[in-house]
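Morning, everyone. I have one structure to walk through today. Please look at the sequence and the fold while I talk.

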Amino acid sequence: MIDQFINFVIRPPRAEYNPDLYLWEKDFTLAGRKYKREDLELRNERGHTLRCSHYVPSQFPDDTPLPCVVYCHGNSGCRADANEAAVVLLPSNITVFTLDFSGSGLSDGDYVSLGWHEKNDLKVVVSYLRSNEKISRIGLWGRSMGAVTSLLYGAEDPSIAGMVLDSAFSNLFDLMMELADVYKIRLPKFTVKVAVQYMRRAIRKKAKFDINRLDCMQVAPKTFIPALFGHAKDDKFIHLRHSETIFKSYAGDKNIIKFDGDHNSSRPQFYYDSVSIFFYNVLHPPRPPSAYPTKGEKYYDLGDLKVSAGRNENLLYEIIAGLQNVSTDAASSSSVPPSIATMKSVGELLSDIAPVATDSLATEDNTHTGNSRSLVQDKQSTQNEECCSYTSSNRESWGRCSSLGSDDEPSMDFTRATDYDQTTIKVLATPLRNTQQSTLSSPKDEKKKKKASTDTKKSKREKFEKLEALSQRLRLCILKRVNHRRHCSS
């Protein structure tokens, strides 16, 4: 049993994955801008090869270097966990670097050390980034073991611009004593302490570190890097009081966010918003250029989306909600898409917002009353830039841009579209212009009215074609749902 508990600390379940399936694609589009994934290998001081990925714009600005955030995963995690960070940070002109720590994922090494050796892996990464002239300031974003790694390294490198520390533990020895209660090891406290001391010697022999020295409370009072702490209120693996204890003794500028959930749950939307604002303030990235000529175009450009890509269905519902919530263009940045009655299927909702183009166009040709209806629909197509956002429940799934390689067959309700499997559909977003119909009816304006009618038909035709393409792509996404979750910390 003690050996199992030792492996629980230094050899948790290892994430095995295919980078081409679980990471963002080599070239992808996000928020209307093109990015690429650069894979590389670094070697740490122990001779282990570290597998890394760097998400950067397809073309760096010629005159301005960009900041970078290094994402540090948890003890059973891998660099795929940084997909959510890419969604949050890339649109703000902040590049994202992620790695498999030694002993994790596809990197070399047999054991993890919960931050002790990982801080040296992080040092190698930071040194590499500092040698890159296209990178300016550097920030750290760590979760669980990665948060401890970031804090330990930050104490040695005050040039780090800022850190996000999600679910850090204050002291490993205390954590191990707490976990004995969590897993209901029914032994007297004295016996548990003796067992932990035995484990300390075994871990020092195998993994080459001392659990008694892995103490964030020793470095927090000496660290002055701006830090944003985050912790789930119902975290039973690493209790909330660990982050609260570190926060109280932390010497630098600091803030803490407490949210609902447990250790491995998806983080809420407001937490990601806070992280985005925090890094924007400490890294000072150059302002990104507008990717869309019009506001509404953002919601028609889904990039080069592969049919087999995994998507959380909640995201699709939310996109549909954004398309339905188009009656006003004056919503504030805090506007939220309206809720959708769950009684309707996604297919019915798609039919509501994007009727079949051929039927609609046939109706337009047969009756002239379609012009007035087109004006109303075009007015509704003007969308506010903030009316569609990613929720905490789908951030993780949205992060996995590529197919996640599931062997699961589609459900019976979706077998009709198997002909579209492994097909890439591209929608080239173009701005939709509202057409206005003049109320004047004098003979001099007959030519203008005729021209306006032609423009209205053309605009409506383009609109229906785009909505139908969007409808088709969303349907195909639903057919190939693949559920992928972060590797849970054990």
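Let me start with a cut-off. Buried means under 20% relative accessible area, exposed means over 50%, and partly exposed is what lies in between. Take arginine 51. Its relative accessibility is 23%, so arginine 51 counts as partly exposed. Keep that residue in mind; I will come back to its partner.

One caution before that. This is a predicted model.

Now the overview. The protein has 490 residues, and 53% of them count as buried. There are 15 helices and eleven strands. Look at contacts between residues at least 6 apart in sequence: 79% of those join residues at least 24 apart.

Next, the cores. Which residues have the most contacts inside the largest nonpolar core? They are Val70, Phe97, Leu172, Phe209 and Leu214, in a core of 64 residues. Helix α6, residues 172–182, gives the largest share of this core, with seven residues. There is also a second, separate core of 36 residues. Trp24, Tyr71, Val88 and Leu228 are among its members. As background, nonpolar side chains in soluble globular proteins tend to be buried together.

Stay with valine 70 for a moment. Leave out residues up to four places away in sequence. Valine 70 then touches Phe97, Leu99, Leu122, Val125, Leu129, Ile138, Gly139, Leu140 and Trp141.

Three of those names, Leu122, Val125 and Leu129, bring us to helix α4, where they are buried. Helix α4 runs over residues 118–130, which is 13 residues. From first C-alpha to last, α4 reaches 18 Å, close to the 18 Å expected at 1.5 Å a residue. The buried set in α4 also includes Glu118, Lys119, Asp121 and Val126. Why do these buried residues line one face of the helix? Seen down the axis of α4, they fall within an arc of 150°, so they share one face. What do they pack against? The list is β2 (33–43), β3 (49–57), β4 (66–72), β5 (95–99), β6 (135–143) and α5 (145–154).

On to charges. The structure holds 16 salt bridges. Back to arginine 51, as promised. Its side chain meets that of aspartate 108 in a salt bridge, 3.2 Å from N to O. This pair links distant parts of the chain, 57 residues apart. Arginine 51 sits in strand β3, and aspartate 108 sits in the loop between β5 and α4. Aspartate 108 has a relative accessible area of 30%, so it is partly exposed too.

Now a second pair. Arginine 267 forms a salt bridge with aspartate 166, with the closest N and O atoms 3.0 Å apart. Again the pair links distant parts of the chain, here 101 residues apart. Arginine 267 is in the loop between β9 (254–259) and α9 (269–283), while aspartate 166 is in strand β7, residues 162–166. Are these two buried or exposed? Arginine 267 is buried, at 1% relative accessible area. Aspartate 166 is also buried, at 1%.

Aspartate 210 and arginine 204 meet through their side chains at 3.7 Å, N to O. Aspartate 210 has 11% relative accessibility, so it counts as buried. Arginine 204 has 39%, so it counts as partly exposed.

Then there is a network of salt bridges. It links Asp20, Lys26, Arg37, Asp39, Arg79 and Asp100.

At 19% relative accessibility, serine 265 counts as buried, since the cut-off is under 20%. Outside four places in sequence, serine 265 touches Arg143 and Asp260.

Last topic: cysteines. Cysteine 216 lies in the loop between α7 (189–207) and β8 (227–232). Not counting residues up to four places away, cysteine 216 touches Val148, Leu151, Phe169, Ser170 and Ile246. Compare cysteine 216 with alanine 155: 61 residues apart in sequence, 9.7 Å apart in space, C-alpha to C-alpha.

That is my tour. Over to you for comments.

Methods: Residues are numbered from 1 along each chain as its sequence is written. This is a predicted model: local features need pLDDT of at least 70, side-chain atom pairs count only at pLDDT 80 or more; totals for chains, interfaces and linings use all residues. Side-chain values use heavy atoms; hydrogens and water are left out. Helices (H or I, at least four residues) and strands (E, at least two) are DSSP runs, numbered from the N terminus. The expected span of a helix is 1.5 Å times one less than its number of residues. Buried means under 20% relative accessible area, exposed over 50%, partly exposed in between (1.4 Å probe, protein chains only). The arc is that of the directions from the helix axis to the C-beta atoms. Contact means heavy atoms within 4.5 Å. A nonpolar core is a set of buried Ala, Val, Leu, Ile, Met, Phe, Trp, Tyr and Cys residues joined through side-chain atoms within 4.5 Å. A salt bridge is a side-chain nitrogen of Lys or Arg within 4 Å of a carboxyl oxygen of Asp or Glu.
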